[in-house]
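I opened this entry to look up a few local features and write down what I found. The structure comes first, then my notes.

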Amino acid sequence: METVPGYRIHREKAWARSSKSHHGHRRCYLSIIARRNRCARASQLSRDLYAATGTRVSRVTVPKRLHETGLFARRPAVCVPLTSTNRRARLEWCREHRDWSMDQWATVLFTDESRFSLNTDSRRAFIWREPGTRYLPFNVREIDHYGRGVLMVWAGIMLDGRTPLHVCERVTVTGVRYRDEILELYLRLFRGAVGPEFILMDDNARPHRALLVDEFLESEDIRRMDWPARSPDLSPIKHVWDAMGRAIATRNTPPRTIQEMKTALLNEWDQLPQEIINCLISSMKSRCKACISVRGDHTPY
């Protein structure tokens with residue numbers, strides 16, 4: 001029997017609406033379970049969808065459906081763990097310093113140690129997230145990352161200046177070595193050049209807070225900035241280490257020995273434009289505002 005044309009068109013439209021509805025339900029369900037388990041692989045999400053709805057989709061289709069809901073596979077931001085006490089301290093510190101002028105920041109020497117390794121970690125882990133949400137709490141993986149570095153360096157940066165890059169003979173830094181090999185060697189010079197307004201910024205690592213270090217700073221009349229614990233994102237020198245690490249990793253011939261690594265680091269430090277350092281220090285006001293806006297939580301810096 002011949003089908004009435006109008007009826008056929010109506011049936012095809014109804015089928016299309018039904019198909020589109022099922023497609024939308026699958027997409028919605030995938031979006032929900034991906035947000036609940038942001039580390040789930042596409043194959044796992046496909047199995048979860050089948051178990052819940054009886055509908056099979058390939059692992060290749062899963063990312064396409066999630067893209068339609070605004071979710072994309074990206075590497076998670078890796079940050080140090082923050083407790084509620086850490087967040088309160090960070091928030092208080094940023095509120096105290098958000099109105100500092102550049103003249104005030106110009107008196108601060110930002111110092112830090114960093115480890116550089118000949119080995120790189122090529123592992124890649126992805127999470128599902130929306131664009132622009134990298135540092136929201138549910139997209140951050142908190143890790144105490146000390147690395148397996150084989151070469152330790154120390155340096156300080158300030159507006160229109162920097163210390164030499166100090167390569168430590170041993171990876172472990174103690175309070176005695178911090179005072180004798182670093183502070184006595186470099187701090188007197190900068191204290192004399194800047195004057196009584198000079199401020200030392202170092203983090204809360206145990207060697208930095210040794211009693212003998214406090215006694216040395218007091219004897220030299222060097223003021224130390226109170227620094228909130230677990231706040232690498234507030235320290236501009238961290239970005240300098242990142243830049244140096246990238247520069248070394250992208251060399252035509254990466255260093256293969258400790259001596260080659262030492263030479264490469266010294267060269268990269270000497271070639272680092274002072275304009276980059278000045279720009280990083282000029283960002284302190286923005287760093288404080290960003291931290292305040294998230295009430296002491298992780299920032300994009």
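I count a polar contact when an N atom and an O atom, or two atoms of either kind, lie within 3.5 Å, with one able to donate a hydrogen and the other to accept it. The model is a predicted one.

**Overall**

I began with the whole chain. I find eleven helices and ten strands in the protein chain. It has 301 residues, and 40% of them count as buried. I then looked at contacts between residues at least 6 apart in sequence: 76% of these join residues at least 24 apart. The accessible surface of the protein chain comes to about 17600 Å². Carbon and sulfur atoms hold 52% of that surface.

**D202**

Where does D202 lie? I place D202 in the loop between β9 (199-201) and α7 (211-219). Is D202 buried or exposed? D202 is buried, because its relative accessible area is 0%, and the cut-off for buried is under 20%.

Next I checked its side chain. The side chain of D202 makes a polar contact of 3.0 Å with the side chain of R209. A polar contact of 3.2 Å joins the side chain of D202 to that of R224. Leaving out residues up to four places away in sequence, I list T111, Y178, H208, R209, R224 and W227 as touching D202.

**Strand β3**

Strand β3 covers residues 108-116, and eight of its nine residues are buried. Which way do β3 and β9 run? They run parallel, joined by three bridges. L109 has L200 as its bridge partner in β9. I also looked at β6 (residues 151-158): seven bridges join β3 to β6, and these two strands run antiparallel. In β6, W154 stands opposite E113.

**Cysteines**

How many disulfides are there? The count comes to zero. I checked C94 anyway. C94 is in no disulfide, and the nearest cysteine sulfur, that of C291, is 3.7 Å away. C94 counts as buried because its relative accessibility is 0%.

C288 is in no disulfide either. For C288 the nearest cysteine sulfur is that of C94, 4.3 Å away. C288 also counts as buried, because its relative accessibility is 0%.

Conventions. Residues are numbered from 1 along each chain as its sequence is written. This is a predicted model: local features need pLDDT of at least 70, side-chain atom pairs count only at pLDDT 80 or more; totals for chains, interfaces and linings use all residues. Side-chain values use heavy atoms; hydrogens and water are left out. Helices (H or I, at least four residues) and strands (E, at least two) are DSSP runs, numbered from the N terminus. Buried means under 20% relative accessible area, exposed over 50%, partly exposed in between (1.4 Å probe, protein chains only). Contact means heavy atoms within 4.5 Å. Accessible areas come from the Shrake-Rupley method with a 1.4 Å probe; for residues, only the protein chains shown count as cover. Two strands pair if DSSP finds at least two bridges between them. A disulfide is a pair of cysteine sulfur atoms within 2.5 Å.
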